[in-house]
Amino acid sequence: VHETLMRDPRMHPMLPETHPYHPNRLRTMLDRHGILYLKPTNGSLGSGIIRLINTGRFIVCQYATANSTNTRVYRKIETVIAHLNRRTRQSPYLMQQGLHLVTSRGRPVDFRVLVQKNLHGNWAITSVVGRIANNQHFVSNLARGGTIRKASDIIEELDPNQNKPSLSKIRSTALEVANTFEQLVDGHYGELGIDL
């Protein structure tokens, strides 16, 4: 999906920088973004996700487990790479730019929009929900203890002094993504889940 959407320049600002995991590229991306997520290419439900944070003095490495988050701190990027090479040996991984999400009561929030084809063959929004990360996790997946609520309720409760999204902007962006995706891809799709 990411590769497909990258073919349209209008989508570029919406897409986090993403590449297959490679140690040489890891250094550059971590310096550029400060936060990276490593995700198994065949993963789901938040399983196997690794977060790296470059503090300037240390590199913090966090792993999502079933019940919490394991954290390790390293002084050298070489040690991090050696550790990651062992962890990524079993399955190919992607590296993705970490995004600074809005927060509710200090917990990261993202929005899942479900778009489906209506009776006229046009994309229509069937649900918009906010996913709030559990206080023990850095991912918002329900399988990792996240909670799901109506997007409008969460937007009302977002921590002050943030650049709050509007529900109308979330909806219009999701429809723009769905229509662009359909124009670029072969085959027929009746449903897309879009994370914003």
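These legends describe close-up views of a predicted model. In this model, local features need pLDDT of at least 70 and side-chain atom pairs count only at pLDDT 80 or more, while totals for chains, interfaces and linings use all residues. Residues are numbered from 1 along each chain as its sequence is written, and side-chain values use heavy atoms, with hydrogens and water left out.

**View A. Salt bridge between Arg10 and Asp8.** The structure holds nine salt bridges. A salt bridge is a side-chain nitrogen of Lys or Arg within 4 Å of a carboxyl oxygen of Asp or Glu. Side chains of opposite charge can pair when their charged atoms come close. Here the side chains of Arg10 and Asp8 meet at 2.6 Å, N to O. Asp8 is buried, because its relative accessible area is 10%, whereas Arg10 is partly exposed at 47%. Buried means under 20% relative accessible area, exposed means over 50%, and partly exposed lies in between (1.4 Å probe, protein chains only). Accessible areas come from the Shrake-Rupley method with a 1.4 Å probe, and for residues only the protein chains shown count as cover.

**View B. Glu157 and its salt bridges to Arg105 and Arg149.** The side chains of Arg105 and Glu157 form a salt bridge of 3.5 Å, N to O. This pair links distant parts of the chain, 52 residues apart: Arg105 lies in the loop between β7 (103-104) and β8 (107-117), and Glu157 in helix α4 (residues 151-157). Helices (H or I, at least four residues) and strands (E, at least two) are DSSP runs, numbered from the N terminus. Glu157 also meets Arg149 in a salt bridge of 2.9 Å, N to O. Glu157 is partly exposed, with a relative accessible area of 30%, and Arg149 is partly exposed at 28%. Arg105 counts as exposed because its relative accessibility is 66%. Phi of Arg105 is near 55 degrees, a positive value in a residue other than glycine.

**View C. A network of salt bridges.** The linked residues are Asp110, Arg112, Arg131 and Asp195.

**View D. A patch of positive charge on the surface.** Arg72, Arg86, Arg87 and Arg89 gather here. Patches are made of residues with over 30% relative accessible area and no salt bridge; like charges are joined within 9 Å, and nonpolar side chains (Val, Leu, Ile, Met, Phe, Trp, Tyr) within 5 Å. Lys and Arg count as positive and Asp and Glu as negative, while His and the chain ends are not counted. The place of a charge is taken as NZ of Lys, CZ of Arg, CG of Asp or CD of Glu. Arg89 sits in the loop between α3 (77-87) and β6 (93-97), and Arg89 counts as exposed because its relative accessibility is 60%.

**View E. Polar contact between His19 and Arg25.** The two side chains are joined at 3.1 Å. A polar contact is a pair of N or O atoms within 3.5 Å; within protein, one must be able to donate a hydrogen and the other to accept it, and residues adjacent in sequence count only if both atoms are side-chain atoms. His19 belongs to strand β1 (residues 18-20) and is buried, with a relative accessible area of 18%.
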